[in-house]
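Dear colleague,

Please find the structure below, with the sequence alongside. My notes follow it, beginning with the aromatic rings and then turning to the sheets.

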Amino acid sequence: MTGDATFHVDLRGVVDLLSHHLYSSPRVYLRELLQNAVDAVTARTEEDAGAPRRVRIVPADVSTDGMLHVEDTGIGLDEAGIRGVLATIGASTKRDALGLARESFLGQFGIGLLSCFLVTDEIRVTTRRAGTDETWLWVGRDDGTYAVTPAPEPRTEPGTDVALRPRGSAADLLSARVVRSLASTFGRHLALEVVVEGPDGPVEVAGRRYPWEEDDPSRRREAGLALGQRLLRERPLDVVDLSDPAAGLRGQAFVLPHPGGARSAHHLYAKRMLVGENVPDLLPEWAFFVRAVVDTERLGLTASREALHDDDLLDETRARLGEQLKRWLLRMVRTDRARAEEFFRVHHLAAKAAATTDDDMLEVVAEVLPWETTVGTMSLAQFCELDRVVTYVDSVDAYQQVAAIARAEDIAVLNAGYAYDTALLERWVRRSPGLDSRRLGPDELADRFSPPSPEDERTFEPLLDVARAVLARAGAVPVARSFRPTTLQAVLLIGRDALLERDRREVAASAAGPWAEALETIATPSAEPRFVLNVENPAVRRLAAGADAALQQVAVEALYAHALLSGRHPLTPFDSALVARALPALIDRAIDGGP
């Protein structure tokens, strides 16, 4: 068979797809009707500047016919316009010919109208085109059929009336209580008259100014802080003005008074109509310390008009808004140190995230944020001035192992074990001529300790024999060394390779067959934890000099358990059992050996 064929389209299926699966909630039906009305009013006033700019909404439980009505004084449609816009889904060229695809309008009239099928089975559009005398009635049904006829009751002025009869459970969504709330939520900032009729009379819901439209800086800031407090339900730390002329965007960002989540979402308005209250991707990922409210004239929206269209303009806008947030932060650091410190107490993680990719933020973080070191708390920039080779550890657990010893040995070590720390340190070193870095493994400290004298070596050998027997199943190698502080009796040093080897052994112990054999082939015998007994500690020396092997065994178990816990090491099953019995055994020994 040859030749072209056409697709057979299930109109009911298309209507169901667009009306029930394109939108996130049936509540958006009113936003779509309001947007269509605003577009129509805008189109008419562009042709006739003196035309009225009015939208009137009559809820179903207020109207005389039991239907919700959205009436506008817009440009209206003639018969050709009805068939082109309402009867042909996606006919963008026809919409453009009617003037309904220009930049000044919000969206796609025909597709947006389909959202009404979320709350009704039938849509009735009564409309009169400006400049004509004919009024037309379009009736669309959720089965994909429609009818176009002259309206039985002509309109006295140009414009459109969209009427919906509530469907079952959707009745509440078309009631005066809900309609007034929705109209205020979506259209409060529209620059035209929007009236919702209620049991007690009409209520104006539009015409509110944005805080950033205040000319006076102090009033703009206070209005912004008030808006931020309403949105966040607590007062923001600060408010930052945002703008991007290329996207026709203005707004404000509110600095959260608490740590933000991994991803921020924002209030987005398009041409003064609310698009959504949780719109992501407007700001860079690292800017999760703010929530923004913005209005845009030119950023693209998705077909549902509930999210931003991911395109080059959005990428460029996001980058420019990120630059504005960074300039605000840098300015605050230079002019208001107390406020900057308050910000960093709350949002240090966000600042670090930004600094991993941005040199300006890196400068701020390096100079302002406090870092934990063995020579005291200081900034990264200050620590890097101490030595041209920056010694650091890349985990908090490793820092816990080395901190006390490094302090006593006068070794300056930086704790780079928190989120982003190692990446920031490496970026700072790369941008600083003559500066280098060196990661310190905890197991390397043992190589810096002094070996015992020959006499001490002979004295400690029996104790080391006992320790080897006790720790054989732990995979730890006991050694005797001299190190400071002398008050520290013993330390367990586990490097990165040793941790991996311990994990391998645990897995191998539970494996069988080929897997167990495979795990044995990748063993690294040299990667073993070192349990270091301090030759300089008086209690350890007395223990080594004693001849009571039973006491030495109990004491070694207690010292090993203490080293495990004080170093915050992960416990193997053997370690857990040893820790559980060490203290009771030591107490029993003390009681049995007492007077």
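Rings of Phe, Tyr and Trp (for Trp, its six-membered ring) are taken as a pair if their centres lie within 6.5 Å, and planes under 30 degrees apart count as stacked, over 60 as edge-to-face and the rest as tilted. On that basis, a search of the whole structure gives ten aromatic pairs.

This is a predicted model, in which local features need pLDDT of at least 70 and side-chain atom pairs count only at pLDDT 80 or more, while totals for chains, interfaces and linings use all residues. Residues are numbered from 1 along each chain as its sequence is written, and side-chain values use heavy atoms, with hydrogens and water left out.

One of the ten pairs joins Phe 343 and Phe 344 edge-to-face, at 5.3 Å centre to centre and with 75 degrees between the planes. Phe 343 has 2% relative accessibility and Phe 344 has 5%, so both count as buried (under 20% relative accessible area with a 1.4 Å probe, protein chains only; exposed is over 50%, partly exposed in between). The two also belong to a cluster that ring pairs form with Trp 286, Phe 289 and Trp 328.

Phe 531 and Tyr 560 make an edge-to-face pair as well, with 5.5 Å between centres and 80 degrees between planes. Because Phe 531 lies in strand β21 (residues 530-534) and Tyr 560 in helix α19 (residues 549-566), this pair ties together parts that are 29 residues apart in sequence; helices (H or I, at least four residues) and strands (E, at least two) are DSSP runs, numbered from the N terminus. Both Phe 531 and Tyr 560 are buried.

Turning to the sheets, strands pair if DSSP finds at least two bridges between them. Eight strands form an open sheet with mixed pairing, in the order β5-β4-β3-β6-β2-β1-β7-β8. Since β5 (146-150) and β8 (201-204) stand at the edges with a single partner strand each, one side of each is left without a neighbour in the sheet. Within this sheet, β3 (residues 122-128) and β6 (residues 159-164) pair in the antiparallel sense over six bridges, and Val 125 has Val 162 in β6 as its bridge partner.

A further open sheet has three strands in the order β17-β16-β18, with parallel pairing, and its edge strands are β17 (414-415) and β18 (436-439). Strand β16 (residues 389-393) pairs with β17 over two bridges, where Val 393 has Asn 415 as its bridge partner.
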